[in-house]
Amino acid sequence: MRVEMADLLQTCVDENASDLHINVGVAPTLRVHGRMVPMDLPILTPDDTENLMKAITSEEHIQKTRQIGGSDFGFAFGNAARFRVSVFRSKGNFGLALRQIPNKLLTLEQIGLPPSVKDLLFRPRGLILVTGPTGSGKSTTLIAALYQVIDPTVNVLTIEEPVEYIIKGARQLKIGPKMGFEQSIRGILRHDPDIVLVGEMRDKITAETAIKLANTGHLVFSTLHTNDAPGAVARLYKMGIEPFLIAYAINIIVAQRLIRTLCKICKEPIEASEMEDLLKFGFSEEELKTHTIYRAVGCEKCNGGYKGRAAIHEALFFSKEIRNIILNAGEKVDESKIRDQAAKDGMWTLRRSGMERMMEGTTTLEEVISTTVEDE
């Protein structure tokens with residue numbers, strides 16, 4: 001039985017999988033609602049993986065990938081979806097990780113961002129930074145935020161590697177062998193932008209450039225890989241970014257995670273004996289009296305009681321007090337101090353955001369604990 005790339009991609013779309021993994025020695029695997037699910041297909045040989053790769057890119061690109069050991073690119077699968085592909089080569093064999101980029105964009109309301117975040121999007125300058133681990137939906141949130149401010153009166157440009165979403169109303173530059181990051185930045189500045197999206201702050205050069213753009217009258221959107229919002233400040237500091245640039249360039253840092261959501265068909269209210277655990281977790285008696293908390297059951301329509309995912313957030317606003325903590329940092333930024341001040345300013349942690357999802361009847365205690373374990 002020959003495995004065809006078109007069939008794999010269609011299954012990925014039909015199952016609403018976030019990722020498709022193709023590697024030698026195992027069957028193709030999907031990531032569905034955050035969990036890896038092997039497909040009922042033959043184990044792939046080196047020839048299989050190369051043939052699958054040929055179905056989505058050119059022979060010339062494959063030869064370049066052989067030389068440099070890996071590559072990244074994007075492509076459209078008809079009208080169903082776009083895919084971002086990361087290719088690596090190990091022991092002479094190709095391995096592919098394909099991330100599905102849905103054609104239908106979510107709104108900020110559907111994502112569940114706090115309304116106060118939306119207000120900051122309409123400032124004329126500053127940095128909007130979305131953080132989180134790989135696969136936490138950072139790019140989806142970033143593009144939803146960008147669409148809030150795109151209109152014919154502003155000039156919007158993006159620098160990405162590779163281009164994921166096709167953004168209407170923006171000019172998109174792809175970083176690659178022919179155009180590096182520094183060339184892209186120089187090109188963008190010559191085009192007089194009002195709003196700039198930098199796909200990811202990967203190093204000091206990227207971060208410093210994005211922050212300087214934010215400090216020189218541009219509205220900038222970007223992402224960073226950190227576990228939480230205070231951790232993003234510390235990460236930038238460790239990169240070598242000057243404290244005053246961090247303090248005065250950033251409008252807000254939004255940390256995001258994805259949690260599995262309960263199946264609406266089979267979910268059941270928790271038993272009275274479980275209430276004590278919820279009180280220990282941080283719920284008040286009043287919250288438990290006025291809300292129904294559910295548990296996962298499982299049925300033929302879901303995966304162990306869960307179906308779909310939703311986002312939880314913590315939004316770190318740069319108040320005067322937060323800026324002063326950063327400006328007065330010594331050898332390192334005190335993340336605990338930032339977190340304590342943010343809590344005084346009204347910031348919800350990721351865990352508190354998860355608790356709100358539980359009171360909505362969206363998810364479970366077990367899911368919130370596993371997703372926010374570092375909040376303990």
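1. Thr-131 is part of strand 7, which covers residues 126-131. A quick reminder as you look around it: this is a predicted model. With a relative accessible area of 0%, Thr-131 counts as buried, because the cut-off for that class is under 20%.

2. What surrounds Thr-131, once neighbours within four places in sequence are set aside? Its contacts are Lys-138, Leu-224, Thr-226, Asp-228, Ala-229, Ala-232, Ile-253, Val-254, Ala-255 and Gln-256. With one of these, Thr-226, there is a side-chain to side-chain polar contact at 3.4 Å.

3. Next, please have a look at helix 9 (residues 229-239) and helix 14 (residues 335-344), which pack with their axes 9 Å apart and at an angle of about 140°. The pair is therefore classed as oblique, and the crossing is right-handed. Helix 9 contributes Pro-230, Gly-231, Val-233 and Ala-234 to the contact, while helix 14 contributes Glu-335, Ile-338 and Arg-339. Sorted by class, that contact holds four nonpolar, one polar and two charged residues.

4. Finally, Ser-319 sits in the loop that links strand 15 (306-317) to helix 13 (320-327).

Notes. Residues are numbered from 1 along each chain as its sequence is written. This is a predicted model: local features need pLDDT of at least 70, side-chain atom pairs count only at pLDDT 80 or more; totals for chains, interfaces and linings use all residues. Side-chain values use heavy atoms; hydrogens and water are left out. Helices (H or I, at least four residues) and strands (E, at least two) are DSSP runs, numbered from the N terminus. Buried means under 20% relative accessible area, exposed over 50%, partly exposed in between (1.4 Å probe, protein chains only). Contact means heavy atoms within 4.5 Å. A polar contact is a pair of N or O atoms within 3.5 Å; within protein, one must be able to donate a hydrogen and the other to accept it, and residues adjacent in sequence count only if both atoms are side-chain atoms. Axes are lines fitted to C-alpha atoms, for helices over the stretch in contact, and angles run from 0 to 180 degrees between N-to-C directions. Angles under 35 degrees count as roughly parallel, over 145 as roughly antiparallel, 65 to 115 as roughly perpendicular and the rest as oblique. A crossing is left-handed if the near helix is turned anticlockwise from the far one by less than a right angle, and right-handed if clockwise. Ala, Val, Leu, Ile, Met, Phe, Trp, Tyr, Cys and Pro count as nonpolar, Asp, Glu, Lys and Arg as charged, and the others, Gly among them, as polar.
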